[in-house]
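I set down here what I looked up in this entry, in the order in which I looked.

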Amino acid sequence: MTSPLNHLPSAKEVGTYDPDTLASNFSDLHPPLTHRQAMIESQRCLYCFDAPCVEACPSEIDIPSFIRQISENNINGAAETILEANILGGSCARVCPTEILCERSCVRNHDAECQPVLIGLLQRHATDHMQFEGHPFKRAASTGRHVAVVGAGPAGLSCAHRLAMLGHQVSIFEAEQKPGGLNEYGIARYKMTDDFARKEVEFLLDIGGIDIQYGQRLGDNLELATLHKQYDSVFLGLGLGASRALGLTGEDAPGLMPAVDYIKTLRQTDDLGSLAVAKRCIVIGAGNTAIDMATQMARLGASEVTLVYRRGVEAMSATDHEQEIAKANGVRMITWAQPDDILLDSQGRVAGMRFAKTREQAGQLTATGETFEIAADAIFKAIGQGFDSASLSDATAAELARDGERIQVDDMLHTSLPNVYAGGDCVKPGQDLTVQAVQHGKLAAHAIHQALAAKQEAA
Amino acid sequence: MKTSPSTPLSFPGKKNSGDSVVNGVDLSVNFAGIKAPNPFWLASAPPTDKAYNVVRAYEAGWGGVVWKTLGEEPPAVNVSSRYSAHYGKNREVIGFNNIELITDRSLEINLKEITQVKKDWPDRALIVSIMVPCNEEAWAYILPLVEATGADGIELNLGCPHGMPERGMGAAVGQNPDLIEKVTYWCKKHYSKPVIVKLTPNITDIRVGAQAALRGGADAVSLINTINSITSIDLDNMVAKPTVGHQSTHGGYCGSAVKPIAMNMVAEIARDPATPTLPISGIGGISCWRDAAEFIALGAGSVQVCTAAMLNGFRIVEEMKDGLSRWMAEKGYDSIEAFSRKAIPQTTDWKHLDINFKTIAQIDQDLCIECGRCYIACEDTSHQSIAKLTEQDGTRRYEVIEEECVGCNLCQITCPVENCITMVPQETGQPFLAWDNDPRNPFRVAS
C-alpha cells in the first residue's frame, strides 16, 4: 500500500537509525507499570462514590472498583471488572485519550496535587497480568438465534462477544484478512506493540460461538439484503473506510497518499527498515492520525516533518498530550494554512506543497491571499475519514436512513431498518473513539438480545 | 564482632550530640532520679542487645537506653525467623510482631559491656532490664551484679508475652498483682538505685498492675510491653508469620498500631488517684516527636522507642529532638516537665462529658474535590446528613443537612483533603450538663 512512495528510499537506506534503534523507536510509548508501581498508584485512588471517572468513561468501567482490586493484589478480579464493561479493555488502556476522559475527571486533579490517578496504565496492568483458566465469561444457554456482525473492529467484536455471552450464535463478516479494525491497522505502532491487537481478539473469541469470515466486504461481495434475510439480526460496525480527498490536481501523484494507508503498512510490516521514508514530508491534518503519522515518520528517520493545519492549535482534535508527543519527536507544526497546490517535479512526483494562509473571519475560514511553499518528498493526508458509500449500495442498504453521511441510529443503536443495528464510527453519534465503539457494540448487543427475547415471548 | 565503642563524633550544636539543649530548648529529664539529656530512650529490645548497638545509639544522640533483658544462666536460646509485620497498602509497617526471647548472650559478657558503656557515656541514661524466676534468691543473686556495673537503674521485665511466660516469667508475673508487688519489693531490698516496673498490657485493667508496683516500692512504671498478637497468615501454607519451619506462635505486638492502646493505659495510670505522682516511662508505637509529645502530655516523663528505630535506624532521634524542641519553643515550654500531664485534666470519664455540647460538620466548598466519600459514609453508615446536589454545570456539591448532623466526625475522618471538613462547635445557649446530672439519666446525681 505504500506504492505511491516506491520511488523513495527505505528507512534502512536513509540510515538515520540502526535496526536496534529503529525497533526501540517503535516499542511501547508508555512503558507499563511494574507491579510495585501499580500497587503504589492504585493506593492513590480515593475510591470515590459515584466517581466522576466512571461518568467520563464511554464504556462505563467501574474504575474505583477495579483499582481497589489491584490494590488488594486481586488482578483477575480487576481484569474481570474492566472486561465485563469493556471486553477490549486491554486495547482501550493503550489507545484511549484518558487525558480527556477518565483521568481528566479524576478528583486528584484538584488543588495541590494536580495529578490524576494513572487510570489508563492501571487498566493496562490488570489486563496485561490477568491469568484465567479458560475464558473469564461463560455463555448463557443457547437461544438458537444467529446474528450477523459486519466488521471485526472494536464495535463489531464487542457486539459479537456480548451476543455470544447472551447465548446467541454470531457470524462476523470482515473485509480485511485480519480482525481488529483500527486496533490492528490504524493505531500507531508504538501504542499497540507485541501483536497485542491479534492476541486480544484471540482472547475475546475464546468465549466461543463466534465465527469470522474474512474478505467479506459489504457492497462488494456481501449484501445487507442477504444478511437481513438469513440472520435474526444484523449489526453494522463498518467504520469509516474512505480517506477524504484534498480536492486538488495532482492528488494521484507519486509521493502523495492517505496517512491511514501508510500506517496500515507500517503496522503490518515485519521489517521496519524496508518502509519507504520521506526525508522531508508534510502531514496535513490535526487529528490523532495526523499526529501518529508525523511522529512515526520522524521515528523512522525523516529529518523534516511538518504538520500543517488550517486552523489554530486550540481547534486541533488531537489532544494536548498527543501534540506534545509530536513536538517531542521534532515535528514542526504550522497552523492557519491550507493546501493550495501540489508541487510536482519534472517527473510528475511530489516536490512540495504550496499553502494558503488562513484566518477566521466571522466564524468562516478564509484565505488571506498570502501563500508559502514547503519542499517535501511526500505528503500524507490525514484530514479525516469518510463513509465508504459503496458499502451501502445494495437495495436494502440504500434504504438505511442517514444523518449526514453516517448511519442514523436511535438510543438503542437501532437503524431505520427492522433488526438492523449499527455502532462505532459509522453511526452519527460516533466520536471516533475506540472506547465508544466498544460501548456501542455492547449496547447494541443488549438491544438485539431484548428484541429477540421479546419476539420469542410474542411467538 | 566489634564491641568497643568508636570515638564519639559529638560536638556542641551537632544534631546527634548528647547536648540537652536543642534549638535553645532544654530537653533534659530527671526521671525518677535517672538523669538524661533528653527523654528519648531506646526500649529494652534487639536494638539494645549489646555494646555495639548501644554505642551507636548514643552516638546518634539518644538520651538513654534500656539494655535488653538479662536473665539467669544459661542464656535463652532463640529460634530463627523472629519478626513479622502488619502492613499497610504501600508496605508501610503499621504494626510489628516478635517472638524473640530475652538476651541470648551470657550474663558475664552483658555485665562487662554495660560497665564499660556506662563508663564511656556517663551523661546518658543506662537502665538494665532484668527478668529472673519468681523467687527472692534469683533476684538477690543478680541485682548486686547489675548494681556493680554503675548503670542508673533497672527495669523489671514483667511483661514479655511470648516464650518467657511459659517458663513462669515475664507476663506470667505481670498478670498477677501480688507477684508484681513481691518482685518489686525484692528489687528495692537488694538494689539501691531506681526500680522501674514494666507493665504488660495483656490484662483487663492496667491500673491494678501500677498500684501493685507502687505498693512494692517501685520508683516508676514503664508501659506498655507488647500485646499478644498474630499478624498474618500465610494462606498458601496455612501458617502464621513469623514461620518457624512449618509452625508459628503468637508474638508481641508493637509499632504505630499500638500507640492508641498504650496512650490510654498511660493516661489511666496518670489520672488514677491511687498513683497520682508515679513516674511513667511511655512506650508503644512512638515514632516521631509528635507521638512523644502526646505521651508526655498524658503523663509520661520519658519515652521509649523500639520499632521505629528498628525500621529506620537510630538516626530518627535527630528529627525527634529537633521537632520536639521547635514545637516546645513555639509553645513557650522551657522543659519537658512544663507540658508533662497537661492533657490529663481534660481526660475524664464519659459520664463527666458535657451532654449539651454540640458540634456539626462544615464543608469548605472551595477545598472540596467532589469525591463523595463523606456522602456515602454518612448515607450508608451514619445519619444521612449530607446532601448530594448537582450544579447546573454538572459538578457535584455536597452539603451538610445541619438539622440531621449529630457531629460524629465521620465525614471529617473519611475526607481525603485536610481542613476541607471542619467540625464547628455550636452556640446552643444551654449550660454545661454532665450525664451525672442529666434529668434523662435514671441514676443521676442530684446537683
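Before I list any domains, I note that their bounds come from an automatic or database domain assignment. I also note that this is a predicted model.

Domains of chain A. I find chain A divided into domain 1 (35–129), domain 2 (146–240 + 387–458) and domain 3 (243–384). I then looked up the separation of domain 2 of chain A and domain 3 of chain A, and their C-alpha centres lie 31 Å apart. Five residues from domain 2 of chain A and eight residues from domain 3 of chain A make up the contact.

Chains A and B. I turned next to the contact of the two chains, which takes eleven residues from chain B and eleven residues from chain A. The side of chain B that touches chain A has six nonpolar, two polar and three charged residues.

Helix 10 of chain B. This helix (residues 316–331) has 16 residues. From its first C-alpha to its last I read 23 Å, close to the 22 Å expected at 1.5 Å a residue. Which residues of helix 10 of chain B are buried? I list B:Val317, B:Met320, B:Lys321, B:Leu324, B:Ser325 and B:Met328. They lie on the same side of helix 10 of chain B, because they cover an arc of only 110° around the axis. Their cover includes strand 1 (21–22), strand 2 (25–26), strand 5 (40–42), helix 1 (51–60) and helix 8 (289–297) of chain B.

Technical notes:
Residues are numbered from 1 along each chain as its sequence is written. Chains are lettered from A and ligands numbered from 1 in the order in which they are written. This is a predicted model: local features need pLDDT of at least 70, side-chain atom pairs count only at pLDDT 80 or more; totals for chains, interfaces and linings use all residues. Two residues are in contact if their C-beta atoms, placed from the backbone, lie within 7 Å. Ala, Val, Leu, Ile, Met, Phe, Trp, Tyr, Cys and Pro count as nonpolar, Asp, Glu, Lys and Arg as charged, and the others, Gly among them, as polar. Helices (H or I, at least four residues) and strands (E, at least two) are DSSP runs, numbered from the N terminus. The expected span of a helix is 1.5 Å times one less than its number of residues. A residue is buried if 20 or more other C-beta atoms lie within 10 Å of its own, exposed if 12 or fewer, and partly exposed in between; C-beta atoms are placed from the backbone. The arc is that of the directions from the helix axis to the C-beta atoms.
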